[in-house]
Amino acid sequence: MSEREVIIKVRNLEKIYNGVVHAVKGISFDVYRGEIFGLLGPNGAGKSTTIKMLTTVLKPTSGIAEVCGYDVAKHPVEVRRCISVVPQEYTSDEDLTGFENMMLMASLYGIPKAEAEKRAWELLEMVNLKDAANRKVETYSGGMRRRLEIAMSLINRPKVLFLDEPTLGLDVQTRAAIWEYIRKLKEEYDITILLTTHYMEEADSLCNRIAIIDHGKIVKIGSPDELKALLGGDIIEISIAEKEDISEILSKIPAVREVKKLDTSTYRMKVESGEKVAPQIIETILQRGFHVIKLSMAKPTLDEVYLELTGRSLRDEEGGEDMWRLRMTLRRARR
Amino acid sequence: MSRTAGYNNPLHGLGALLHRELAQWYRDFVVLFISLIQPVIWLGLFGKAFDLSKLFTTNANLPPAYQQLAQQTMLNIFGTTSYYAFFAAGMLSFIAITTAVFGSMSIVWDRRLGFLERILSTPVSRGVIIMTKVFSATIRTLIQVAVILIFAVALGFPTTYLTPLRILGTFAAVALLSMSLASLLILLGIRTTNYQRPMVVANLITLPLMFTSNAMYPIKLMPGWLQIVAKVNPVTYTTDIVRILLLNVNNGTGNLFIDFTILLGFAIVASAIGIVTSWRYLTM
Ligand SMILES: Nc1ncnc2c1ncn2[C@@H]1O[C@H](COP(=O)(O)OP(=O)(O)O)[C@@H](O)[C@H]1O
Ligand SMILES: [Mg+2]
């Protein structure tokens with residue numbers, strides 16, 4: 001792990017708005033080249049503020065942040081040349097067409113016209129917007145706009161891409177489609193991605209590593225599996241045909257912890273990694289001449305991890321507030 | 001991975017941003033139409049309704065000698081016998097003042113819409129972002145000036161001195177005024193999400209700028225203190241240049257060179273303040 005190239009380095013980064021709002025309270029983390037790194041936390045945790053500092057649009061109050069080897073405060077122009085961002089709010093110009101928005105972005109990066117056109121069509125194709133390319137953006141659906149935003153941010157072939165809540169307010173299918181694009185572009189364009197989200201499933205399914213952020217502080221960093229392991233592992237439940245007590249036998253399997261007999265023939269145990277241990281359990285039981293009639297495995301969810309670490313459930317905060325934020329985004333986008 | 005080096009030009013992005021800015025104006029027919037027709041309406045209403053020369057000449061029973069005296073008085077005070085022509089020249093500055101605020105409003109909207117966050121994360125220079133707003137206000141002003149000149153002539157503005165060179169000089173003077181005002185007004189927009197802020201300030205200063213200049217009323221008839229204010233008001237110099245060029249009327253400092261130098265000084269100082277400040281303070 002340690003030899004991997006660090007492409008974003010953050011040390012004690014802090015932001016106080018107007019001398020009063022302590023939005024980010026000294027966070028530190030590394031992002032390695034080629035990974036998808038997630039900042040997971042509820043609204044107001046300081047995710048957007050962190051992204052704004054890393055993308056040089058907001059000056060940190062204190063601390064250090066380096067992106068692509070450049071300090072964001074001292075060499076902002078070098079950082080800007082190497083990154084791209086899809087902000088939380090829709091930023092494309094509604095009065096222009098999708099293609100015009102692409103070309104506008106290209107010119108902001110100083111990309112020559114011919115090259116820009118080539119890239120624009122290639123990217124529009126990638127996000128399935130080729131047919132809508134010459135329509136005004138105001139006619140786009142939410143999912144189309146998000147896809148356009150992503151395509152726009154790839155026009156400069158960034159090394160690092162920042163995605164601030166890339167699926168905020170989108171329905172389930174659209175969200176899954178956006179995840180596909182994100183995975184695809186990571187593979188095709190060799191990009192490092194830092195994304196923020198307050199959706200557990202998103203962090204879980206997309207990110208190589210996650211930093212859980214709450215009230216401006218990072219509570220824990222790790223891969224989704226590592227974070228889940230904090231809870232003490234997966235739960236396996238097994239039922240056998242026989243009535244004999246096999247608690248002893250199960251406890252002797254090295255990877256198994258905390259065996260609990262639920263009724264005459266059902267046992268529940270905690271194991272470190274369910275997929276690896278389940279076959280061992282079955283094998284052991286069969287060897288002893290017993291018959292397995294049912295086996296089920298439950299993985300701990302990130303939601304439980306979050307609850308354990310912060311004392312609150314992320315899910316409580318979705319619903320209502322989410323809709324409110326979606327409306328804000330739409331209202332801001334209206335003219 | 002191949003990366004394009006197009007950053008060498010420090011002004012890259014200016015053309016594209018400027019085009020976006022102006023497209024919001026000219027692609028919306030209603031906005032375009034109203035912003036072009038508005039100064040024309042004012043010109044027609046004020047210029048024709050308040051024809052001060054009529055004060056002296058309406059009474060047809062007056063002896064010719066008296067009428068001649070009235071004409072002479074008009075010439076002495078306004079430099080021309082037509083208040084309409086006098087006023088029309090002042091209108092050009094008025095357009096520059098009312099249009100200058102749009103650059104500032106537009107940057108507030110860019111912030112509200114998230115567009116600003118996006119462009120601030122690109123290698124486009126902060127100075128270019130500000131220049132876009134200033135130039136778009138200036139270009140709009142110049143187009144409005146062209147339209148109003150055409151209408152002014154249709155409504156009886158004398159055409160004797162309308163040579164290409166004099167018209168060009170007029171445009172240059174109005175452009176300098178527009179750049180000065182837009183650069184200063186932009187400071188009101190760079191740190192706020194409240195679009196009313198530039199608007200109320202613009203409303204506050206528009207009429208005082210007009211009335212403390214020679215745009216509507218000659219300086220020499222003003223009280224002493226007001227004359228001093230008028231002397232530091234860039235509108236005075238702009239209007240002066242326009243009257244000298246288009247009407248061959250001389251009622252200000254009377255020197256094109258001095259007028260232009262002062263106006264240029266204003267523009268340089270104002271844009272320097274605008275650009276340097278935004279460089280420093282234009283962030284999210
Ligand atoms: N421009 C601002 N001025 C003052 N406070 C702000 C500003 N932007 C965000 N905040 C505050 O900072 C905190 C973190 O906000 P943000 O970074 O947007 O959180 P997140 O993106 O995780 O929802 C919140 O309390 C928010 O109200
Ligand atoms: Mg946010």
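1. Is A:Arg183 buried, partly exposed or exposed? A:Arg183 is partly exposed, at a relative accessible area of 27% (buried is under 20%, exposed over 50%, partly exposed in between, with a 1.4 Å probe and protein chains only). A:Glu180, at 47%, is also partly exposed.

2. The model is predicted: local features need pLDDT of at least 70, side-chain atom pairs count only at pLDDT 80 or more, and totals for chains, interfaces and linings use all residues. Residues are numbered from 1 along each chain as written, chains are lettered from A in the order written, and side-chain values use heavy atoms, without hydrogens and water.

3. A:Glu180 and A:Arg183 form a salt bridge, with the closest N and O atoms 2.8 Å apart (a side-chain nitrogen of Lys or Arg within 4 Å of a carboxyl oxygen of Asp or Glu). The two residues are three apart in helix α6 (residues 172-189) of chain A, so about one helical turn separates them.

4. A:Lys228 pairs with A:Asp204 in a salt bridge at 3.1 Å. Because A:Lys228 lies in helix α8 and A:Asp204 in helix α7 of chain A, the bridge ties together parts 24 residues apart in sequence. A:Lys228 is buried at 10%, whereas A:Asp204 is partly exposed at 28%.

5. In chain B, B:Lys133 forms a salt bridge with B:Glu21 at 3.0 Å. Both residues are buried.

6. A:Glu149 and B:Arg118 meet in a salt bridge at 2.7 Å.

How values were computed
Helix = DSSP H or I, 4+ residues; strand = E, 2+ residues; numbered from the N terminus.
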